[in-house]
Amino acid sequence: MTVYPGNPYPLGSYWDGKGVNFALYSHHATGVELCLFDEAEGRNESLKIRLSERTHDIWHCYLEGCGPGQLYGFRVHGPYEPANGHRFNPAKVLLDPYAKAICSIGKWDDTLFGYTIGQDDLSCDTRDNALAAPKSVVIDHSFDWEDDKPPLVAYYNTIIYEVHVKGFTKCFTGIPGNIRGTYAALAHPKVIDYLKRLGITTVELMPVHQFLPDRHLVDKGLTNYWGYNTIGFFAPHIQFYSGKEHGGQVREFKEMVKQLHKAGIEVILDVVYNHTAEGNQMGPTLAYRGIDNSEYYRLADDKRYYYDYTGTGNTLNARLPNVLALIMDSLRYWVTEMHVDGFRFDLAAALARELNDVNRLSAFFSIIYQDPVISRVKLIAEPWDVGENGNQIGQFPPGWAEWNGKYRDCMRDYWRGADSVLGEFAERFTGSSDLYKNDNRNPTASINFVTAHDGFTLHDLVSYNGKHNEANGEDNKDGTEDNRSWNCGAEGPTDDTAIIQLRGRQKKNFLATLLLSQGVPMLLAGDEMGHTQRGNNNAYCQDNDISWLDWSTADQDLIEFTSRLIRFRKSHPAFSRKHWFKGKPIRRSDLNDIAWFLPDGNQMTDEHWNTGFAKSLGIFLYGDGLHSIGQDNQSLKDDSFYLIFNAHSGPLDFKLPDEQYGPKWTKCWDTSGSAAERKKSYAPGDTVKAGERCIILLQAPLPVARTRRSFAAARSPRSDRKPTTASSPGDLVQKA
């Protein structure tokens with residue numbers, strides 16, 4: 001192989017058909033060596049090349065005759081001065097930050113640390129780590145995407161499904177055993193058919209960037225199952241790959257995306273750009289720390305140490321141009337080369353910190369906003385970190401959606417019977433206008449969820465009052481105490497029929513609340529089938545049957561309930577509004593777009609909103625009050641709906657409103673009733689008997705004349721009508 005000067009861009013390794021260009025950024029390095037290996041666990045390099053070309057802090061060369069499958073790493077020379085923020089150690093083979101594939105995560109070994117284990121981090125370990133070090137892989141970028149196009153599902157039509165690649169498919173029946181737990185499994189026709197039958201539009205994959213298991217977990221026989229421990233921001237995680245070819249995980253990932261797109265399903269990645277797997281000053285030297293520690297991490301005033309806004313030991317310094325470039329290049333790569341449809345940013349507040357405070361005008365937001373590729377995909381924030389003032393829910397700029405933790409907490413409190421204020425329930429159910437409306441965002445800025453990977457599953461939420469994390473090996477001290485759960489009368493498994501039935505009803509209540517609320521619903525994979533983690537609310541280290549979905553025990557009735565509910569939501573735009581409720585009379589009608597009722601049939605007044613013990617209410621949604629235009633340029637309309645929420649511990653009678661709200665009501669959902677009850681009809685003013693802790697949904701068609709009214713007529717309200725007052729979330733916002 002012949003060595004040429006090469007080019008500083010693109011960073012990383014790039015094969016052009018004749019050879020490979022290698023480029024690495026390091027500002028403080030005094031020298032860089034490119035090391036080629038023949039084997040993943042090669043003890044010595046087959047070739048070592050000293051990079052003599054340096055352009056604007058980028059070290060580079062071109063190696064003619066090198067090609068896909070080549071394993072490589074870097075040795076970077078410079079001062080080992082931890083007190084000054086420098087931790088260079090040329091005895092350590094380092095990963096390429098821009099590696100598109102990593103061939104092995106190797107085994108933990110003391111040589112992977114830049115200091116001598118057993119001493120403090122000021123010591124320097126000069127032993128060679130080549131045998132144990134993970135290696136980067138040169139890949140062939142070519143792939144036949146055929147006519148792949150992004151599904152471009154509008155936010156208001158989106159149903160997000162949070163999925164762990166391995167956990168979802170490891171025990172999936174009917175697919176070959178050798179691909180279970182891999183990208184290939186998620187692309188299998190039977191898996192995709194299940195997602196389609198369920199009604200999922202968008203899978204949100206838990207971390208698939210190359211991550212590492214923490215050494216302390218491995219020493220205890222555990223691992224980092226969730227994957228929030230990234231070491232390679234461009235490389236698909238190799239343990240989700242079904243093959244053995246170096247770099248083959250890239251093609252397998254692309255094939256998965258292509259097959260999901262063919263089914264009309266989007267792919268969103270849960271990404272972790274806030275920290276890396278190198279941890280604090282006592283962590284390993286695998287890449288960034290040894291390449292240029294002070295140019296990648298946020299260092300404390302004493303530069304030996306790291307700022308930790310993530311709870312993992314370090315924080316990437318997104319204020320620095322090279323780190324911003326790394327993040328943007330990675331995001332752009334996953335969109336343009338891997339065809340993903342968006343991102344959910346873990347601990348996103350950490351990326352927006354300037355000196356110490358979170359700044360919504362930070363360089364991170366600005367550079368994303370102006371990027372012509374990244375700004376056009378779905379961007380979802382986990383709007384908090386563990387630093388001071390870390391909870392930034394509702395504070396992200398337009399163009400971003402957010403995981404709505406307030407929605408989760410409110411709905412959990414409501415259904416477990418905790419004292420709560422109906423005013424907050426109303427805000428969360430209608431899209432959380434108090435959080436997002438003033439920024440000119442729409443209800444779809446709220447990603448609603450009741451459960452997620454972090455915490456109880458839905459089944460465990462209604463089966464346990466407290467966490468049971470003994471399997472994690474931390475004496476049940478890990479995981480949150482703030483579960484807001486209720487076991488319905490017994491802790492964990494029980495043979496009590498009444499408790500089992502109540503738990504089943506509560507699961508349906510949560511699912512129905514989630515899928516009938518305004519905003520974007522996110523369902524945790526397995527909740528629809530009754531998956532349990534046996535009370536573990538922090539299963540991050542459980543790569544076993546605690547986390548894997550058991551398809552042999554799936555609750556088929558609950559799956560069918562969830563699927564029908566999703567289809568119902570998709571069929572009725574009243575539950576997926578593009579715009580906020582106004583709480584005012586609509587056009588030529590005396591009816592508000594939304595109205596709130598007491599069980600006795602009277603509308604709620606201001607005094608009722610702040611009643612902490614109120615557990616029951618009725619909600620009217622006017623089908624002619626959607627304030628939206630459809631794709632056919634006609635005003636969107638739907639049937640009208642009346643929802644009965646009863647979180648009371650006993651049955652209640654609900655009186656339906658008078659005939660102006662609907663001439664005839666038909667029951668279409670009842671979480672406490674039988675299927676035969678679904679088509680029961682009611683007249684205005686009739687009494688509907690609501691069982692203990694249930695949701696009832698009734699439907700009434702709009703009058704024919706109103707449903708056929710033209711868009712032009714709809715834009716011509718009577719000028720002499722004066723708005724009438726009504727208690728509604730819109731009113732609440734204005735009063736606040």
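Arg 441 is buried, with a relative accessible area of 5%; buried means under 20% relative accessible area, exposed over 50% and partly exposed in between, with a 1.4 Å probe and protein chains only. The model is predicted, so local features need pLDDT of at least 70 and side-chain atom pairs count only at pLDDT 80 or more, while totals for chains, interfaces and linings use all residues. Residues are numbered from 1 along each chain as its sequence is written, and side-chain values use heavy atoms, with hydrogens and water left out.

Arg 441 lies in the loop between helix H11 (433-436) and strand S20 (446-448). Helices (H or I, at least four residues) and strands (E, at least two) are DSSP runs numbered from the N terminus. The side chain of Arg 441 reaches the backbone oxygen of Trp 400 at 2.9 Å. Beyond its neighbours within four places in sequence, Arg 441 is in contact (heavy atoms within 4.5 Å) with residues including Phe 396, Pro 397, Trp 400, Glu 402, Tyr 436 and Trp 580.

Strand S20 also belongs to a closed barrel of eight strands, which runs S12-S13-S16-S17-S18-S19-S20-S21 with parallel pairing. Two strands pair if DSSP finds at least two bridges between them. Leu 205 has Leu 269 as its bridge partner in S16. Helix H5 (residues 248-262) packs on the sheet and touches S13 and S16; its direction makes about 135° with that of S16. Axes are lines fitted to C-alpha atoms, for helices over the stretch in contact, and angles run from 0 to 180 degrees between N-to-C directions.

Helix H3 (residues 189-198) packs against helix H14 (residues 556-571) at an angle of about 60°, with the axes 8 Å apart. H3 is therefore oblique to H14; angles under 35 degrees count as roughly parallel, over 145 as roughly antiparallel, 65 to 115 as roughly perpendicular and the rest as oblique. Tyr 194, Arg 197 and Leu 198 in H3 meet Ile 559, Thr 562, Ser 563, Ile 566 and Arg 567 in H14.

Strand S23 (residues 616-621) is mostly covered, six of its six residues being buried. In a regular strand the side chains alternate between the two faces of the sheet. Ser 616, Gly 618 and Phe 620 point one way from S23, and Leu 617, Ile 619 and Leu 621 the other way. S23 pairs in the antiparallel sense with strand S22 (residues 594-597) over four bridges, and Phe 620 is the bridge partner of Ala 595. Six bridges join S23 to strand S24 (residues 640-646), also antiparallel, with Asn 646 as the partner of Ser 616.

Note on methods:
A polar contact is a pair of N or O atoms within 3.5 Å; within protein, one must be able to donate a hydrogen and the other to accept it, and residues adjacent in sequence count only if both atoms are side-chain atoms.
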